[in-house]
Amino acid sequence: MVKLSHSRCWLPVVLAANLLSVTIDGSQSRHGHRRGGGPEDHNTHVGVKKQTITIAGIFPITGVEGWQGGQACEPAAHLALEDVNNYPNLLPGYHLNMYWNDSGCDAGKGAAVMYDLLYSKPQKVLLLAGCSTVCTTVSEASQLFNLVTVCYGASSPALSNRQRFPTLFRTHPSATVHNPTRVRVFQRYKWSRISIIQEAEEVFSTTLDDLEARCKNAGINIDIRQSFLRNPEAAVANLKRQDARVIVGLFYAKAARKVLCEIYKQKIFGPKYVWFFIGWYEDDWFRNKKHLEEENINCTVSQMTEAAEGHFTTEALQWNQDDTETISGKTVDEFADQLKGLLRDNPRYAKNVDKGIMPEGYLEAPLAYDAIWAVALALNSTMAKLAAMGQTIEDYNYENKEIGNIILDQFGDVKFDGISGRVAFNEDTGDRIAWTKVEQLQDAVYEVVAFYDQKTDNMSWVNPRYGDIEDDKVIWRGGKVPQDRTIVQTELMMVNLWLYGAMVFLVILGCVFAALFIYVNFKYSHRRIIRDSHPSCNNLMLVGVMFCLLALVPGGLDGRFVSSSVFPIACHLGTWLLTTGFSLSYGAMFSKIWRVHRITRMSKEDGKTAEVVPWKLWLAVAFLLLIDVILLTIWTVIDPLGREVRNFAKLAAPNPDDDIEILPQLEHCKSKHHKVWLGIIYAYKGLQLILGLFLTYETRSQKVKQINDSRLVGMAVYNVVILCSITAPVMLLVGDQQNAAFCFVSLANIFCCYLSMALIYVPKILFIRKHAHDPREKEESEVVNRQMEQEHKKVNADNEVLKMSLKEREQELSILRLRVSSLKKKSSSQGSPRNTKNDLNGKATKPRGPQVSFSITKTTVTINEDPSTISEASRPTSTSPTTGPSCSSPQSSGHTYSSHSCCNSQCNPPSRANHGQPQYLQGGVVEVYHHDSRYSNGHSRKSTSSVDCEAELSHTFDTEDDYEPLTRSVDRLNGHVERTSVVKFANPIVGSCISDLERSASLKGITVFRGKVPKSTDPLLSDELYESYL
């Protein structure tokens, strides 16, 4: 047994292989240690006896899984041995022989075969193997024996790892040699999205890794990767579900048939799909009925052929494309004829070969043939070098590392033209440097469409005889190059142009109306209906309305009008206009309602009427606007709005033949913390709406002339609150429907603005138009003039009162003078003075002291329809106290009583003279009662009733009016107003209770009579008593 001193890790493998060899021996009865190319078996060399150089061969022939290419490669290798041994000047003095066995493309069995061959005599100087899994195992083990391994049928990219496989060479190009070819095809047809489906084998996993790296460097994405172990059904279904279009399949031929059947079942073939398979399958791999039956493929030959039509294969050139002679002196056609002859000699393949069905591995047969030639050439140069060193090839053994390294070095220098083409090896990887070709299945026949030179990175497309593209012969089922994916055409959901135009028109019209109303404010600022509505505050509201309307213009802009870079500017502009416009318009109305509420509350608390100062209204609006500016500035700086595109469900293209789907997209203005900012704005504006609604409800019945449109403003506030409350929830339902959302928001905004302007300004304009001269202003002027006239009359009346008082005093003095003079005459006529004193009625008092009596006088003025008639009730009457007689009749028919009409020394002069004024007033009766008082000597006062001053006014009008002061009531008693006024007084002292009525009645031409006791000149009536009376 060979001593394995290089690595202990292979000891378990060797032991396992030895154990396996025991079970294999039983199966070697058919091939057991068969010596291929030896003189005993094949008579490959006749003549001079030569030394034998033996190599070991491992061929996969009877396996169940994997590649069983040994069926054709083993005859090709023996054919090469015959040609090498017959070639002159090659391996002079030596005969190349080979011992081989079947591995079934099984790694464990391959390792057992290798150890059996290596431990069996004669000494093996080199190992030949096929099948990637077997080559991987034996290559790792052979380096422990200082044995060079040549693989004729191994494409695994893992074998390119020189650190792992330092003694490996292969005439079969690595599977990665297909990847540059595939990438160039992808680039030609502008496919940038690739899908992969692979069998769970190391060879395909490493191939996929290399392909992914190359695609990434070329800007091509591998979006979908699917793998399977036995059943590919789920993997193929996933490809369809993920919309795979350009698909690369990496699997052996047996798995390829399963995949192709699933391709047919899943219907992922045809003009929309492109499939890439490995090119080293047999030409009839998909339609070989025998394989389909043996492998239980549940698809017919026709179904498999339909699914396979149009697919591409990439493979290294395994057959020389030239008709020239190769190193063996044979052409490719001669080699093919000889190989077919050997296959016909084998009863196992003869029947199929006659039918044109070649055994598996026929395409790789030139690689096995050239592998033998590469071994012979390497050994030939090694023998020359050993001869120079004084050694021979017979000195080689598994422990002779020196000769092993010489063989390795000489193998890397091998270059020749073989049946498979130009044979050369990469010194860094040991891989075959080869051309690759691209084939397409056209009408069930593979046609070469392109070649790729890996060394020069040159892609050559075959001149077309027919095809859909001018410079190649590729045929596409749909008449055009398939797409690498379903073309998803984004379609921006834009606002209907007519709808947007209509809304913009309404916005412009609304702005014109707002400007017109501002003009009305300035032009008619002198009119009370404008002046008392605070036009400056209304102007702020109109500017805010214009801002709110203009916010709809950027709100309806989309990708049709602005680019994605300008879209955020439109977002900010719309937000600023709408927010500040709301604060200006609603804030102006809110400030008015707030002032009305303040005025009403102050009036209720202290009865004072507060003045409305315009700057206080401006200050309220400015405060609300300042909050908006601060919030919007922070929002814009910290978390600016940007363009966000929302995708909706894809829609089918109008034309079913087009491989296109429509992806609707909707643009949104959004920031990172958009919901937070909206929450702050909504909370702030919602608080404004609620507070404004509360104040409007509180002042719903108040009418303040300082703000004459407060009720209209309240209605506008209701309008704003209701529309804002409706708009918010509705937008949650139609937010994804751009036309419905824009239409609803625009109409709500426009209706709110229009209605607010109409409520506040239409009544004003209609009134101004109807009344060129404002009757209210005329009434106001008349009221002012009337007030001034009344003040003037009041001054005159006061003056008259003073004059009358002075006249009364003069009359009293004249009366007193007359009495004094009469008393003097009387006393002088009697001859002696008399110490007596009369009362005011001329009645003598007792010696004890004076006694004063007063009469009750009822003065009645009755006003009839006919002013020429005076009722009897208008005549004054008097009733005398118990101590005095009654007063006499009036002196004249003019109802004016003079002092001469007094009786019992009582004088009742009128408080006011008639002075020619009319003695009547239409529609009323005025009665004035005076109660009398009596004074007796002893200076005591006795009243017949309690002192009381009660005024009761009962009004009956032809118009509804609240109770008004007496002076206003008297003003209304002018011809057309009917009223009855009853005034009762019970006091001998006529006080202020009657003064207003007297003054007003006198100004209106009503004569009021009352009785009054003048100051007596009787010395018995002292000043003190008189003052107490007054």
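First, the ground rules. Residues are numbered from 1 along each chain as its sequence is written, and side-chain values use heavy atoms, with hydrogens and water left out. Because the model is predicted, local features need pLDDT of at least 70 and side-chain atom pairs count only at pLDDT 80 or more, while totals for chains, interfaces and linings use all residues.

Let me start with the whole chain. Its secondary structure comes to 27 helices and 27 strands. Helices (H or I, at least four residues) and strands (E, at least two) are DSSP runs, numbered from the N terminus. Of the 1030 residues, 49% count as buried. Buried means under 20% relative accessible area, exposed means over 50%, and partly exposed is in between, with a 1.4 Å probe and protein chains only. The chain exposes about 50400 Å², and carbon and sulfur atoms supply 55% of that. Accessible areas come from the Shrake-Rupley method with a 1.4 Å probe; for residues, only the protein chains shown count as cover. Now contacts, meaning heavy atoms within 4.5 Å. Among contacts between residues at least 6 apart in sequence, 73% join residues at least 24 apart.

Next, the cysteines. How many disulfides does the structure hold? It holds four. A disulfide is a covalent bond between the sulfur atoms of two cysteines; here the test is a pair of cysteine sulfur atoms within 2.5 Å. I will go through three of them.

Cys105 and Cys131 form a disulfide with their sulfur atoms 1.9 Å apart. The torsion about the S-S bond is about 60 degrees, so this disulfide is right-handed. The pair links distant parts of the chain, 26 residues apart: Cys105 is in the loop between strand 3 (94-102) and helix 3 (107-119), and Cys131 is in the loop between strand 4 (124-130) and helix 4 (132-142). Both cysteines are buried, Cys105 with a relative accessible area of 9%.

Cys135 and Cys151 form another disulfide, with the sulfur atoms 2.5 Å apart. Is this disulfide left-handed or right-handed? It is left-handed, because the torsion about the S-S bond is about -130 degrees. Cys135 lies in helix 4 and Cys151 in strand 5 (residues 148-153), so the pair ties together parts that are 16 residues apart in sequence. Cys135 is buried at 0% relative accessibility, and Cys151 is buried at 0% as well.

A further disulfide joins Cys261 to Cys299, S to S 1.9 Å. Its torsion is about 80 degrees, so it is right-handed. Here 38 residues separate the partners: Cys261 is in helix 8 (residues 253-266), and Cys299 is in the loop between helix 9 (289-294) and helix 10 (301-308). Cys261 and Cys299 are both buried.

Cys548 is in no disulfide; the nearest cysteine sulfur, that of Cys753, is 4.9 Å away. Cys548 is buried, with a relative accessible area of 6%.

On to strand 7 (residues 193-199). Seven of its seven residues are buried, so the strand is largely enclosed by the rest of the structure. In a regular strand the side chains alternate between the two faces of the sheet. In strand 7, Arg193, Ser195, Ile197 and Glu199 point one way, and Ile194, Ile196 and Gln198 point the other way. Strand 7 pairs with strand 8 (residues 221-228) in the parallel sense over seven bridges. Two strands pair if DSSP finds at least two bridges between them. Within this pairing, the bridge partner of Ile196 is Arg225 in strand 8.

Now some backbone geometry. Most residues other than glycine have a negative phi, and most peptide bonds are trans. The peptide bond from Lys121 to Pro122 is cis, with omega near 5 degrees. Pro122 is in the loop between helix 3 and strand 4. Cys105, from the disulfide with Cys131, has a positive phi of about 55 degrees although it is not a glycine. Asp243 also has a positive phi, of about 60 degrees. Asp243 sits in the loop between helix 7 (233-241) and strand 9 (246-250) and is partly exposed at 25% relative accessibility.

Asn538 is in helix 17 (residues 535-550) and is buried at 2% relative accessibility. Leaving aside neighbours within four places in sequence, Asn538 is in contact with Asn521, Ser533, Lys592, Asp709, Ile760 and Tyr761.
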